[in-house]
Each structure stands twice: as structure tokens, then as C-alpha cells.
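Student: I'd like to learn how to read helices and their packing in a model like this one. Where do we start?

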Amino acid sequence: MTILVTGGAGFIGSNFVLDWVVASSELVVNVDKLTYAGNLENLSSLNGSAQHVFANVDIADTETIAALLQKHRPRAILNFAAESHVDRSIHGPEEFIQTNIVGTFRLLEAVRAYWRSLEADEQQAFRFLHVSTDEVYGSLSKDESAFSETHQYQPNSPYSASKAASDHLVRAYHHTYGLPVLTTNCSNNYGPYHFPEKLIPLMIVNALAGKNLPVYGDGLQVRDWLYVKDHCSAIRRVLEAGQVGEVYNVGGWNEKTNLDIVHRVCELLDELSPRADGKPYKDQITYVTDRPGHDRRYAIDARKLERELGWKPAETFETGIRKTVEWYLSNQQWVSNVQSGSYRDWVQQNYGEREA
């Protein structure tokens, strides 16, 4: 048996592939375009593994995707491939439209043709699992109930709008063509192999380098935080037992302000890798101009996933964030290798110009 994973060299995708190889004997065909956030070093432990096949392919390349499907005959497709950073979508939205909308459409077309070629029993067993985000739901006020699977879509950034469009395409391919799909909408992930432009890895990397820790606005934006290994276990469970056509929210039950997150990272670094001058890392916190259209609060109601499929996160925020900081401290070479000149230039563009 075989599964095909798109975006499997990125943060969540590579964690999923690594965990899958441990938990299953099935072959994984890993498709990734290898943009700035796709990193084969994440998968170095699988070098030489007969269980892992990598293909450097864009999901928008319908012809090549179709050939891979016919060659490997997967029983399931898991679509992690996406441009996923809000700030980058503000600076350059077109890449998000091309990958998240056009790419998803072309992938669905290739998958639909492949699925129709299967025997009846294979068609019935086949699944297309689309990995999405809570950001498609928009923003919540302080007292509003958390996002459920039936919450109205109200995306507020080019990134979230492009992901909302991809969700709608997946839904449409199920209702129009009968393609057996599953969709998951997750909250903010954190953990190993997270590209250091997102909040938690950026704070760790900048703190250790003696740089400023840039916090948008007042830092009181609220997010729900989900340890990436928990997210991967939820996806495995949805693939195994999810009802075709359904949406499942995946959350960590950890609502925190951005400032709370930064302070906790600083406290852990004070404990695990103190500054040479003995001063606390929180002294490096600096407030910068908020980004345009910054959503104030996200919160995920993951009760459906627990009620129907028996899943809940294994990690608390405290256990997960400690594991994350320890991983970055133990993997400084990985951090150094992913920090290319273009990445440094982008960080300066996004944060340096916001100094308040």
C-alpha cells in the first residue's frame, strides 16, 4: 500500500512523513516543489530508506502528478502543499494564488482522473485529505465562541483567502464529482523543523543571536497553539476513520497571546541557554508596527474530532514548548543551514521596516 504526500518537505509535511514511517510500513511518495520553506534536510534521516520516495514536483504540474499517480497507485493523497505565511502573502500575494488556488485545482484534476481509473473497491477506499487552517474563519472578539466546523468563512488576508478558496474547491469536487475528500482545519502549529520566520522559531533564533525580538502592535493577539506531532496524529486518525465529505477542526486547547508566547520562550531560554551577561532574554523584546489587517483572535473548537474519532492532543503547551525550545538548541546546524541570504533579506524587509 502507498500514500502520496504533497508538501512533504515543509514544516508540517515533513513531521507527518517522519512520523508515518515510524508508525506504518506503507510506502510514502513525497512530492514537494522545494520553495524557501521546503527543506530536504528535514528528511535526512530517511536517506536510503526504501519506504520513502521523493519527487521534486510542483502540484500545479498536472502531467507529472498524473504520471506519479499511475506509477505508484496510492490509496490516499494528503495535501500539505501551500504557501502559508500571512506576512509573505501581504508582500507578494500572487504566489499564494498560484500555489494555494491554481495548484490545488490542478492537483484535484489529476487526482480526479486517477480516482476514476480505479476499480470500484479501490475507488471506495480512496481518500483525498486536504490540510487547511483556522485562518479561513476570520477573526474572533475576546468573548466569541471558538471556531466550529460550521463557522462562516471570513478570511482577512491574501493567505487565508487563498486557503479558503482551496477548501471550497475540495468541497466542490466531492459534491460535484463524488471525490472522497476529507478536510482538516488546524490552529497554529509549533515544533521541530519550523522555518524561522514564524513567531516561535523566530524568537528562539533571534534571542540566541542577540537580536531584537519583534512583537507586532501590543502583542495581545490570541492564537490557539497545537504541537505539530499532535497535529500529525490527528491527521492519521482522520485519514483512518473520518467520514467522507466531512471537515474536522484540529486544535490544541491552548489560547495564548503572542506576548505570552514570547515571554515563555524567553523564560525557557533563560533556563536552558542563559545569556553570557546574565540578563534575561525578555530585555530583547521590541514592539514594531502591527501588520495590516492583523486578526485579533483565533480559537479552535476541536470537540467534533474528539467526540467522533476519539482524538485529543497528547501535549500540553508547557510540555510542547519545552520540547520545541530544546529541539532548536540541539539543532543549531539545521537553523544555520536554512537561514539563507534571501531569508535574512526578507526578515529585514518585513520586520526592520516596522520598527516603531
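Tutor: With burial: a residue counts as buried when its relative accessible area is under 20%. Keep in mind that this is a predicted model.

Student: Okay, which residues of H11 are buried?

Tutor: In H11 they are Phe 317, Gly 320, Ile 321, Thr 324, Val 325, Trp 327 and Tyr 328. Looking down the axis of H11, you find these buried residues within an arc of 155 degrees, so they line one face of the helix.

Student: What do the buried residues of H11 pack against?

Tutor: Their partners are strands S7 (188–190), S9 (222–227) and S11 (255–257), along with helices H7 (199–208), H9 (258–272) and H12 (332–338).

Student: Now, how do I describe two packed helices?

Tutor: You give the angle between their axes and the distance between the axes. Take H1 (residues 11–23) and H8 (residues 228–241): the angle is about 65 degrees, and the axes are 9 Å apart. Since 65 to 115 degrees counts as roughly perpendicular, that is the label for H1 and H8. Their crossing is right-handed.

Student: Which residues make the contact?

Tutor: From H1, Phe 11, Ile 12, Asn 15, Phe 16, Asp 19 and Trp 20; from H8, Val 228, Lys 229, His 231, Cys 232, Ile 235, Arg 236 and Leu 239.

Notes: Residues numbered from 1 in each chain as written. Predicted model: local features only at pLDDT ≥ 70, side-chain atom pairs only at ≥ 80, totals over all residues. Heavy atoms only, no water. Buried < 20%, exposed > 50% of the residue type's maximum accessible area, 1.4 Å probe, protein only. Helix = DSSP H or I, 4+ residues; strand = E, 2+ residues; numbered from the N terminus. Arc of directions from axis to C-beta. Contact = heavy atoms within 4.5 Å. Axes fitted to C-alpha atoms, helices over the stretch in contact; angles between N-to-C directions. Parallel < 35°, antiparallel > 145°, perpendicular 65-115°, else oblique. Left-handed = near helix turned anticlockwise from the far one by under 90°.
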